[in-house]
Amino acid sequence: ADYKKSANGIQAGASFQAGITPGFSLVSELYFMRKGGKLKANNPLSANESALRLNTLELPVLARFHVGKFYMNAGPSIAYTFGGNRKIDDIFTKLSFNNSTEGFKRFEAGIQIGGGFEFPFKQRRIALDIRYCYGLTNLVYSKEMYNRTLMISIHFSKAWKTNPLGHK
């Protein structure tokens, strides 16, 4: 922890929320996410400052419990890493995805947990969502490296006129 620096990324995508009861729903999302991390100079792995960036498609499926305008989420997620790079001493190199000492794995599994608050706005909803994603699978072949992500998101949504999963 003494050698880590925070690395900000971006997240953009779409979600579908299926209401099961007034207080419970299932939420499926698909989004692009840029993950990664930074290490300060003179860390145990290298004498140089370094940064790692992973470009992923992530698919969480979450159980959501509603209490008024507040909600809590929890559930599994899977991710596919389609690219990335490493920066050491201002030199960028593309990541390789093969079974080698420098190779990264493309698939990742994790658990997400968090909550949020919905603000009604005209006929739409805006939600502030905060989650922690705990990576369960090792990202590389040669050593142990896992993603740990704190996500702060703003969601814009519009309710369906009729529930597409409801009975007529």
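Reply:

**Salt bridges**

The structure, a predicted model, holds five salt bridges. One of them joins the side chains of glutamate 29 and arginine 131, with 2.8 Å from N to O. Glutamate 29 belongs to strand 3 (residues 24–39) and arginine 131 to strand 8 (residues 124–135), so this pair ties together parts that lie 102 residues apart in sequence. Both partners are buried: glutamate 29 has a relative accessible area of 3%, and arginine 131 has one of 2%. The pair also belongs to a network of salt bridges that links Glu29, Asp129 and Arg131.

Strand 3 also supplies lysine 35, whose partner glutamate 108 lies in strand 7 (residues 107–121); the pair therefore ties together parts 73 residues apart in sequence. The closest N and O atoms of glutamate 108 and lysine 35 are 3.2 Å apart. Glutamate 108 counts as buried at 6% relative accessibility, and lysine 35 is buried with a relative accessible area of 4%.

Lysine 35 is also among the residues touched by leucine 52, including Leu95, Phe104 and Met145. Leu52, Leu95 and Phe104 are in turn among the six residues of the largest nonpolar core.

The salt bridge between the side chains of lysine 87 and aspartate 90 has an N to O distance of 3.6 Å. Lysine 87 is partly exposed, its relative accessible area being 29%, whereas aspartate 90 counts as exposed at 64% relative accessibility.

Notes:
Residues are numbered from 1 along each chain as its sequence is written. This is a predicted model: local features need pLDDT of at least 70, side-chain atom pairs count only at pLDDT 80 or more; totals for chains, interfaces and linings use all residues. Side-chain values use heavy atoms; hydrogens and water are left out. A nonpolar core is a set of buried Ala, Val, Leu, Ile, Met, Phe, Trp, Tyr and Cys residues joined through side-chain atoms within 4.5 Å. Buried means under 20% relative accessible area, exposed over 50%, partly exposed in between (1.4 Å probe, protein chains only). Contact means heavy atoms within 4.5 Å. A salt bridge is a side-chain nitrogen of Lys or Arg within 4 Å of a carboxyl oxygen of Asp or Glu. Helices (H or I, at least four residues) and strands (E, at least two) are DSSP runs, numbered from the N terminus. Lists of a residue's contacts leave out its neighbours within four places in sequence.
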